[in-house]
Structures are given as structure tokens and as C-alpha cells.
Amino acid sequence: MTTLRPFTCNDMFKFNNVNLDPLTETVSLHNTYYFFLYGLSFYMQYLAHWPEYFQVAESPSGEIMGYIMGKAEGHGENWHGHVTALSVSPEFRRLGLAVTLMAWLEDVSEKKRAYFVDLFVRVSNKGAITMYKRLGYIVYRTVLEYYSGDPDEDAFDMRKALSRDVKKRSVIPLTHPVRPEDVD
Amino acid sequence: MPFYSSLDWLDNGNNKKALQEAEKVLKKQPNFQCAKVLKALALSRLGKDDECEQILESVRKEVPCEDSTLQAMTLCYREIHKPEKICEIYEGATKKDPNNEELLTHLFMAHVRVNDYRKQQQTALALYKLKPKNPYYFWTVMSIVMQAYKADDKISKGVVLPLAERMVEKFVEFGKVEAEQEVQLYLMILEMQEKYAEALEVLSGPLSAKLVSCLNPVPIRRAGLLMKMKRWNDANLSYKLLLRDDLDRWSFYQDYFTSSFHLFDEKSIPNSEEEKKEKDIDGDTGVLNKSAEDAQETASSPDNLIDSKCSVISKISQESSDCKGNPNDTIRVENSEDGADEEGLWSKADSSPEEVKRFLGVLSRKNEKLTRKFRGPYLAYLELYQRLLERGKENPSDVAGDVISLLMAYFSNFGDKPCCFPDLKIFLHLLPEEKKEEFISKIKILVALPESQFAENPQQMQQHINLIELSRRIGFHQNLPKDEKVKLASDLIRHYAHGVRFASPLHTDFSMNDMYAMIACHLLYEEWIEEKLNGNHSKTLLLQAMVILELVLSLSPSNYHAKLLLLKIYALIGAGKAAQGIYELLDVKHMQLDSLGHIHCCHIYSSGLYSVAYSIYETTLKFFTANYKDSVDHLTFSYKFGSFLTIEEFVEFRERLDNSLHYSSIVVEDWLLEILRAGNHAQRVQTMLQVDINLEEDKIKWGKLQDNRDLKVMIAWDPPDRQITPELTKETFEEGVGLLRLRSLVLHIIGAAITLSENYPISGEKTAKVTNGSESRSDKDHCSLLQNLVEELTTCFSSLGTQYPTECHEQKSLLQMISAPLPSRLFSLLRHGSWCQHLQLMVKILTGLVQQDHKQLQNVHEEPESDEILSSMSAASNLLEDSVKEIKEESTKCIDQDCDLTKRKSFLEHVVLIVEMIGVAVLICEICQSILKPLKNAPLVKKAKKKKEITNIQQPKTLDAYNKMVNHLKQTTEELKKLMETWEQGMTASMSMDIAAGDRDSDSSLSALLKDLQHTENCNNKEHKCTTPSDWFSSERKVVDKLKDSYKASAVEIRQLLAIKAKNLVNLHV
């Protein structure tokens, strides 16, 4: 049982049950590094720019079950939805919540007439990769050392074509890996 | 070119180089504005704000219009926290160049930064007149709306909002509305005025087509508006349709029930006042309303209903299914399956319990057919049961069914998921006392795990865990006798050890079996606290809990529940360094520095780990100041992107963070700590120079302080009476406010004393001038300020003392609640009141000496004054001596084998307080010395014979007493230092004995059991990940080592600080 509603600033005071979890990747995305200086800016940036792409799922007892944040960007046929963060609290895993949240983001992207949805995931995060594949995402390319850490870790850039991309041109995998600086 | 290289250096953070390059440019082109500003920027980053401001001021007077200069100035003003100046420079520029769109835009954003809504409005309007673009027009509208946000209701609704509304309407009339955000703003303005009918009209009209970016926006918004308009019939129907497409939306069920229940009431009292009123309101709002009335009139004769409502329904229904297209097949519910027997179901509101029951039945049947079932329909029955029970008219079981069956229906589907407990916990109170046993035994049958057997698969294990969690919530653990409680804990540990084989191979996942261990620890903690409150101190229980938690963490490093509990226990027994270790594992960052500040940041200082406390304070403060600066930028982004709905929220959020109690407290604690740790008086004066307080006036907005703590973060399965309540949240918040009041006054007093010392330069060197809040103050003013502050402190202290009598029950109940925050330091400050008396005495000595000094200069001679100083000096010395005596006793109790472990915390807390007293004494002595020193030399320096005589008579007494006090202080400091050494050794020895005791303990001891356990566990489990004996042993060792190390670290830091104080004292004789 879930209530989906827009994420609000006040949620930041109480989403610790989700964010204390190390799986929450929001703080290690490479290309948005600047915003993590003070993580708060990161959330507010999204709230200011793409509020419609930031949803939180709440349980009947008022706990935050998880959230998804994303954005729409790109030009021409590269106009796409992007999943920036998807996180589900440990207590509410295995309920298909991630699937619901992903479906929701894809719907929003459809409405915005995007060509595809993409996301980055650690190559080691097998569970997540399996789930995304089940939802129809393919590995479009590998981004080398995308996640900084010790050692740095590669990311898969995964994609799923939306209905506007009739010829499914956005999901033809690249044969060579790319460097983070080449990712637009 | 040097100009650009100056920019580069700034970017790279090499501000010295940047300064040099900027100066080079200025040598050639002294009037190069932008280079001047870059110089200013470099200066500000080098900490020279004054010079920076001078340059900025001179450039500002030239009224620059060039973009790069203005941008650089903006950056500067932001960094020196003067956003209002940004408005000034752009105001000047736009006056010079009124047709510059870009400058006007910057001016608008500058006003946004300082929340000047009226000027925002003017600027946006000027922009629109210059370039008639939609965003500028709506910036104007939004600026008007924000004026309503701060205004009182009457004005905002009566004048401001209608103006905003008219402005939008004008645009609508001319068909100029373009963007979705503009429609959203329109709706927001209507809703703010409670013009729901008008909003509904917008949603039904052509503008609604612009709402594209959110899913299903129109039907959901419409349903929400119908609820606000109390049009229960239409609202109910809307929610039915929404639920048809989304079986799992809790908020839809809530509104569905609320509207249905209103319809029940209307039906039972057909001509109620309320209905009449509603009709009046509905009178003029078009098609939908008419049908609503129809529906109400014909509610009792359903045959008439279908025709009259058909058009509306089909409209809602169509939108609902149009907009809500869920691509996930398992989620989509096929309408065709509704079947003939459900005819009329989707066109009629449910106005009786039977109809609601029928509707839920339909949803349940849909749910049953899904491959992945939703929790929604199961929980909906429980919600219905609860609402019927509250209403008290129908028998809930007749309508919703038997409560045990309802709970079991959920459990049999979701009992193997971790969400089971959080979902069911809010409904367990529906079980009457006599049915609890039955419920639990039914679950037991379902789980089918006989005692002394272990789960065969992860599903069964999760079910079993849920069973235990539910039993605990119902209260079955609470009343168990001690032996059984401990036995249950050991059983759970067996299950835990067994369940390791089902743990996820990923380190980032929680291991499912962890919860066994967590509940075991809760049981041990619970038993430990019960015993403690009964006066028995059983260390072993708490030690065992720590060992278990360390073990859990070593196998499941991402389990934050284990971290939070372990951190709490370490903090509870004063093991600051051990707590710090866990805190680092939690990786607390940004917002959590505020919302989780109460778990560690607030307590670390009391363990004597000054350096750790200081670094956590600094991180915390950096976050708050950065946020205050940065969040303004996001506000400007919101205007830029037209996200009008977030603007009000951002403004509120910014204030909520800025008024955080935690923030204010840490600001004060940080300064106090810095002054305490300063190596000498000059450093203390230097620190005071930076303190941003106003001595006469309080900067803290007491009425606006915000409680931003997340008190729900710690998991607890305890019954409701052991859960933190809103009242308790409020009480603990107020305790925090009380603590802040005391500490803030102490800071003010110390600040005033240091400020006073500027008039008495030490050893001839003129110290930097400290003028906080006022220009040079006379000594007399200083003294009365100090006396006033001390008086205020005394009053505050005694009123808090009355409010919180020592050892009040609250603290006890706080400790009983495992998820509650630790008791505030306020209680320790109230218990050991001598610090307050001592501070009073020290201030008395200081002001006495200053006054005496003045009188002597004016040749006035009064004996009693001097006597009072002398007696204060000896009283202060005695107070300190007594405190050290007291602490000596406490220290032996700490080391004692059978002692209460929390004594270690209260011991350290008290020591830290005494160290503070010594710190204050040293600080005041430093100032006294600078007053007395010239007097001692007076006979040599001063020529007047008369004066010489007086000083000769007067001084020896005061001087002797002063020197005696300094000696005494030195002695006490050394004594405390030595005591910390003995204590440290004692603790190390005591900890070693603890292990030995654990080993020796009776068979019931958990450790014995644990050690037994691994032998059986260890066999035949090679293919599974498994706990091995070394795990248990190493955890035990880990705990003991951590505790030893922690107490040692505290003792060492305290001794180091005392050593500095002792060194200060060597030079303080006159």
C-alpha cells in the first residue's frame, strides 16, 4: 500500500531510513559531482528544475518507502528522461516498488515526448541490473571509472526506448566503452 | 594577460596569486573596475573582509554597468553575506541603463535573494513592459502571490490574491497562457483563496490540456478539489474510478472512505443542515454540481441515478483511464472483467457500509487475480474496520469482517515480507485484549515452526521474524520474567546464527536474519534498564547486547539499525570514541547533520573528546551556513524554470533550517569550546573577536526555534506506551531549548568578561579591541552588563531547576524507550549546580576588582567591598575543591565492578563540567591579573603620596587572596589531572575483569550460550556463510578494546586540556 506524492523539502528531514542505506547512490554520481559538496543543493536543484520528476512513496504508517528522482534533457533525438536516483528503504523491498516508480518515471517521460529513458548503474550492482533488464532496459554502453572511490568503478549506461523512438534507434548498443568526460 | 590569470588563480583557489595579478593589472589601468572587484574577491577569500568592502564600496559609487564587473561584485557580496548590496548595485545599473533586459533580470533575482516581494513585482513588471514575455508576466504574478504568503489572511485573500487572479485571468482571456507552470500557478492562486469551484472549472476547461508533465493530473486534482468542496458524492465516485486503476494507492482509499462515511451520515440524517449548506455552495458551479445535487436527492432511489449522472461519470471515467496509462501489465486492471454483476458499480457513489463492503470485495477479487498482489486491498479492510470502530454506529465485524481474519489475510500474503510489521503495527490496537493470544497462535500455526527448530527457507524465516516482531508490539515480551526474557534473547540468537545461511551475498543488502539479533538486543536492553531502575546493575546484559551488535555489523556492514543502537549504547555509557567510530560508519552528511544531530553531535562533548566534538561542530556549522547561502540560488532557479509551486516551500525550508534548535545550540557550543580550548588569553580574545553575538541583545529567535530531529529513525517493536509520543518529542525539544538558554548566557557572560579585559592590556601589550554590539563601553557599563547577565543566568537556572526536579521520571521513561533520544545534558547541568554558583562568584570577583580599581583611582576607600572580594575568592576555591572531592567519589564508583555502566557517562559529564569551571576560573584570573598587576607596581609608578599609602594598605590583602586563589586553582587542576590518570587505569583493569566475569557467569549467561552455540553451528556448514567461534570471540574482544580505548582517549584529552590550564596558571601570579 503506497501513496505516491511529490517530494517536498520537508521530506529531507525524515528520509533517513532510505538515505542511511549505502545503496542510495545519489552521492556518488560522477557528472553531477559539483552538487554533492553540500548534498542539499542536489535535491533542491532537482526540485527547482524538474519537480514533476521527483516522487516519493509513503507507507500507510507515514514512513518513506522510497523515492525516485530524474530529469528530462537533451536535444533532438537525444531528448530523454534520466533516472538520477532510485532508492527503496530496506523494509519495503521485494514489493515491486522500484518497478512502480520506474514505470511512473517512464510515463512522465512519455508525456514529455522523450525518445528514451536512461540511467547509470554500478557494474557490480547485479541485483539492480537484473531488475532493469527485466523492465526492458539494455546496456547501451560502459562508462569507465564513472564512480569515484577506491578503486573507481565502471558504470553501465542502460537505456529503454519509448514509443516516440519508433525505429528504436536510441537502443543500439555502442561497441566501445566511453570515458566519463565523453558522456553528455 | 594578468587579468585573466587573476581569474584563473581565483578559480584554482590560489587567492594570493590572484591578488598579485589583479594588482599588476591595476598598476597599468588603475580604473579597471572588474580588476578592482577581482582584487576585492581575492582579499575577501584571504579573510580580509574590511579591505574587500572598501574596494567594493568605491566601485559601487562609480555605478558600474558592465556585466562582468557586476557579476564579480555579486559573487563578492554573496561571500561576505551582504545580499542586499547586490540589489543596490543592480538598481544603480538599471537606472543608468533602463532598457537592459539582462540587468533587469539580475535585479529581479537580487530581490529574490532578499525576499523583497514588492520590489520583485516592480522589477518583473518593468521587464514585461520592456519585453512582453510570458515568464516576466508570471514572475510579477508570483511576486504578488508571495506578498500574500507573508501577509495576514484578510489582506492576502481580500486584496493581494484577487489581484494575482485577475492578472492571470486577463492572460487567459487573450489566450496568452503558454506553459504548464502558468496553469499550475493559476490553480494555486485559486486554491489559496479556496475558490475550488473555479479551480474545478479550469480543470474542466481547455487549460487543463496544458497539464502534461504529471501523471493523471486532472482526475486526481479534480477529486482532491471535490473533497475540499465537500461534494462527497462526486468525490467518492472519482476515487472509486481512481482506485479501479490503481488498487494500491493509500491516499485514494483514505479519501474514498472519508467521502463514503460522510455519505453514510447524510443518509441517516436526510435533511441535515450540512447538506443544505452544501447545496448553497454548489449552487452556481455548473454541470458537475447539478449532478451532485441530483445524486444527493436521489441517493435513496438508485434507479433514477444512473441516467442523470451518466454524462459526468463517463467524463470522469474517460479521463481517468485516458490519463492513467500504466505500462506495467500486472498493474493494469482490465475493465471488462468488472462483469455484469458489478453493473452500476462505477457509476454510483457508495453511501452505505454494505456498498463499501461490496466495492472492496470487487477490488479484492481483482487483486487476487494478479500475479503480484498488492497490499492495498488487504489493508483497506483494516482501515475500514478502524473507521467503523471509531464511528461507533455499526459493528465493524459485521461489515468488514472479523479482525483476526483480516489481519491473517494480510499475513498469509505478506507475512514473508519485511513490510509486514510496519504495515500491521498501526492496526494492532484493533485487537481486543482477549483476542491477542488467538491472533499470535494463528500466526504460529501458519508459520509452522516448532520450538527448537529453525527456519527451512528465507520465507519461513521472515514470517517467523514478523511473528516475533508482532508479539513484541502486542506486549508479549514486556511482561516476561527476567529469565524468560534472557532465554528468548538466546533463542533468537540461535535463530540468528542459523539464519546466516540465508543472508544475501551482497554486503550492501541487509541480512534478513539481522532482525533476530536486533530484537534480542532490544530484549537485553529492556531487561538491563528494568534492573537498573530497580537498583540492580547487571552490566553483562548491556555488554552482551554490544557484542551481538558488533557481530551483526561485522557480517552485515550496511545495517544502520545495528549502528544506531550500538551508537546509542556507547553514548549511554560515555564511550565517546567508540560512539564516534560507529558515527563514522553511518556516514552522516548534509541534512542528516541537522536531523540526526541529536544522536551523537549533542553528546560527544560530554565525553571529553574535545577535538572530535570540535570537528563535528565545524562540519555541522559549515553545512548550515553553506545552505543558507546556496538555498537562495535555488529560489532563483525556481523562478527561472517557472517552478512556482516550489517557491513558497523553498522559502519555508530555508527558514526551517536557519531556525533549527540544533544549529543555534551548536553555534553556542562551538564558541564555548573554542574559548575553552584556546591556549592563552590572547587567543581567547582573538576568538571572541570572531564571535558573532550581540552582548546586549539576544540573537537567537527563541520563539521561532525549530525541532528538526528525526526521532523515528531508530527501529522499535515496542508497544505504543513505549514509543516516543508527540508530547515527549515536545518535552525533549523544550529541554534542548532550556539547555541552549543556559549555555547561551554562559557564552554571553564569558564574552562580556573578555570584552572587559580590553581595558586592561596584559603585560603592556594592547590586545585587539573587542567590540561586540557596541562601541567602546565604559568599565562601569561593563560591570553592570556582567551583573545583569549573571542575574539572568541565576534566574534561568533556578526556574529550570523548578521545572525539572532532579532525577525526574521523564529521564527514566526516556531511557525505557529504546528509540527515544538520550536524556539532555541539561539534567547534568541542573544536578551539579555549583558551576553556576562558581560562575557567579568569579564574576563577582571580577566586577569587584574593577570597581575597587576605580575607587582607588578616585581615592575612595571602602573596606567592606574588599572583604566581599576576599570571601568570594575563598568561596570560589572551596566550591571547586568540593566538586573535585565529589568527582573523586564518583570515580571510585565507576571502577567498582558492580556499578551501573551509565555512571561512566555521568562521571565524564561531571568531569567535563568541572574542567569548564576551571576554564572559567583561569579566564577570569587572567583578567584579574591584568587589573591587579599595575596596582602592585603602583607605589613605584604613581607619584601621589596619598595614593601610595592606600595601595599599600589595601593591596596586600587582595593580592594575597588572589595569589592564594591561583595557587588553589593550580592545585585543584593538578589533582583532577591525576584523578583522570587513576580513573583511566581503573577503567582498563575493570574492563578486563568484565570479560573474566562474563566467562565465569552462570549457565543462564548468554555468552556461555553463545559460545556453546558456535560449536554446534560450526559443523557441517562449510558451504554456507556462517558465524564461527572466532566471530563471537572477536566481537567480544572488539567491544572491550573499544571501550578501553574510548575511556582512555577521553581521559587523555581531558588531561591535555587540564595541562594547558595548569600552564596558564603558572604565569598568573601577581
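Student: What percentage of the 184 residues in chain A is buried?
Tutor: This is a predicted model, in which local features need pLDDT of at least 70, side-chain atom pairs count only at pLDDT 80 or more, and totals for chains, interfaces and linings use all residues. Residues are numbered from 1 along each chain as its sequence is written, while chains are lettered from A and ligands numbered from 1 in the order in which they are written. A residue is buried if 20 or more other C-beta atoms, placed from the backbone, lie within 10 Å of its own, exposed if 12 or fewer, and partly exposed in between. Of the 184 residues in chain A, the buried share is 49%.

Student: Which strands of chain A stand at the edges of the sheet, and why is one side of each left without a neighbour?
Tutor: Helices (H or I, at least four residues) and strands (E, at least two) are DSSP runs numbered from the N terminus, and two strands pair if DSSP finds at least two bridges between them. In chain A, seven strands form an open sheet of mixed pairing, in the order β1-β2-β3-β4-β5-β7-β6. One side of each edge strand lacks a neighbour in the sheet because each has a single partner strand; these are β1 (3-6) and β6 (138-147) of chain A.

Student: At what angle does helix α2 of chain A run to β3(A)?
Tutor: Axes are lines fitted to C-alpha atoms, for helices over the stretch in contact (C-beta atoms placed from the backbone within 7 Å), and angles run from 0 to 180 degrees between N-to-C directions. Helix α2 (residues 40-49) of chain A lies across β2, β3 (64-73) and β4 (80-88) of chain A. Its angle to β3(A) is about 60°.

Student: Which helix gives the most to the side of chain B that touches chain A?
Tutor: The contact takes 54 residues from chain B and 45 residues from chain A. Helices of chain B that each supply at least two residues include α15 (250-268), α20 (376-391) and α32 (610-641). With nine residues, the helix that gives the most to this side of chain B is α32(B).

Notes. Two residues are in contact if their C-beta atoms, placed from the backbone, lie within 7 Å.
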